[in-house]
Amino acid sequence: NLSPRLSAVASFVPKGARMADIGSDHAYLPAHLLLQSKINFAVVGEVAKGPLENARHEIAKQRLTDVTVLRLADGLAAVTSADQIDTVTIAGMGGLLIRDILATAKARGQVFETLILQPNTDEAVVRQWLIANAYQLTHERIVQEEKHFYEIIVAKPGKQTLSSLDLTFGPFLRDEQSPVFKAKWQKEADRIALIFEHMSAAGKDHTPAYQQWQTRYQQIQEVLS
Ligand code: SAM
């Protein structure tokens, strides 16, 4: 069974999608979707040999070799136009890496009907890239696994403008104000409060860095209120 994080990613994959999972490691996500017959074809992309072997092992174990293509490749170079991929999942990587993978794909002329992204960090960078590159956000979800919070961002081709608060907090997540969302940002506010104490004690409370933290802190208060 999938973790809550990967279940949330899976929930956004359209039924019957031709999917590519980039940075798949054990291929748990495509294997699960294929076993459930939610999809019937997947490209599994991995840049590293060890993880690709993990994927190969899992796909063979689940007897899914006929409906899966495994490729050792950097990012979306794993996908060819003949694959007719409409849905791309990229989960469990930093947001900067996800952005770079998307940017390289775009430079190659690759556009996909549905992107399902789960950055571990720098979610705002991912949102910013999407709206600057002719994608619009259609769904967002936030899940918690123990002390970690994960955001899932779903995008499709289209036009959208987002405010600075939307970029940081997510337009849908901010609107929804789920308990998990509140817990994530309360935790971040508490962390920043500690940073303030340390910076004040060190006489650094009139620095630009302090002001940046203050801006972020005030944004959190505004969004949570
Ligand atoms: N997607 C799975 C998940 O969410 O559980 C596995 C995440 S794992 C932490 C990240 C994987 O991304 C690693 O297996 C790594 O080799 C792969 N990776 C990193 N950079 C990549 C790239 N440029 N192209 C393809 N895969 C990449």
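Visitor: What do β1, helix α2 and β2 make?
Guide: In this predicted model, β1, helix α2 (residues 28–35) and β2 make a β-α-β unit that is right-handed; with the strands pointing away from the viewer, the path from the first strand over the helix to the second runs clockwise. Helices (H or I, at least four residues) and strands (E, at least two) are DSSP runs, numbered from the N terminus.

Visitor: And where does the chain go from β2?
Guide: From β2 the chain crosses through helix α3 (residues 49–61) to β3, and that β-α-β crossover is right-handed.

Visitor: In what sense do β1 and β2 pair, and over how many bridges?
Guide: Strand β1 (residues 18–22) pairs with β2 in the parallel sense, over five bridges. Pairing here takes at least two DSSP bridges between the strands. Ile22 stands opposite Gly45 in β2.

Visitor: How many bridges join β2 to β3?
Guide: Five, and β2 and strand β3 (residues 68–72) run parallel. Val44 has Leu70 in β3 as its bridge partner.

Visitor: Why is β2 largely enclosed?
Guide: Because five of the six residues of β2 are buried, meaning 20 or more other C-beta atoms lie within 10 Å of a residue's own, with C-beta atoms placed from the backbone.

Visitor: Switching to Leu29, is that one buried or exposed?
Guide: Leu29 is buried, with 27 other C-beta atoms within 10 Å. Leu29 lies in helix α2.

Visitor: Which residues does Leu29 touch?
Guide: Not counting residues up to four places away in sequence, Leu29 touches several, including Leu2, Leu6, Val9 and Ala91. Contact means C-beta atoms, placed from the backbone, within 7 Å.

Visitor: OK, the ligand. Which residues come nearest?
Guide: Gly23, Val47, Pro51, Ala91 and Gly92, of the 17 residues around the ligand; a residue counts if its C-beta atom, placed from the backbone, lies within 6 Å. The elements giving two or more residues to that shell are β2 (41–46), β4 (87–93) and α4 (95–107). β4 gives the largest share, three residues.

Visitor: How far can I trust the model?
Guide: The chain averages a pLDDT of 97, and 100% of the residues score at least 70; pLDDT is the predictor's confidence in each residue, from 0 to 100. The model scores ipTM 0.99 and pTM 0.97. Residues are numbered from 1 along each chain as its sequence is written. In this predicted model local features need pLDDT of at least 70 and side-chain atom pairs count only at pLDDT 80 or more, while totals for chains, interfaces and linings use all residues.

Key
Buried ≥ 20, exposed ≤ 12 C-beta atoms within 10 Å, placed from the backbone. Contact = placed C-beta atoms within 7 Å.
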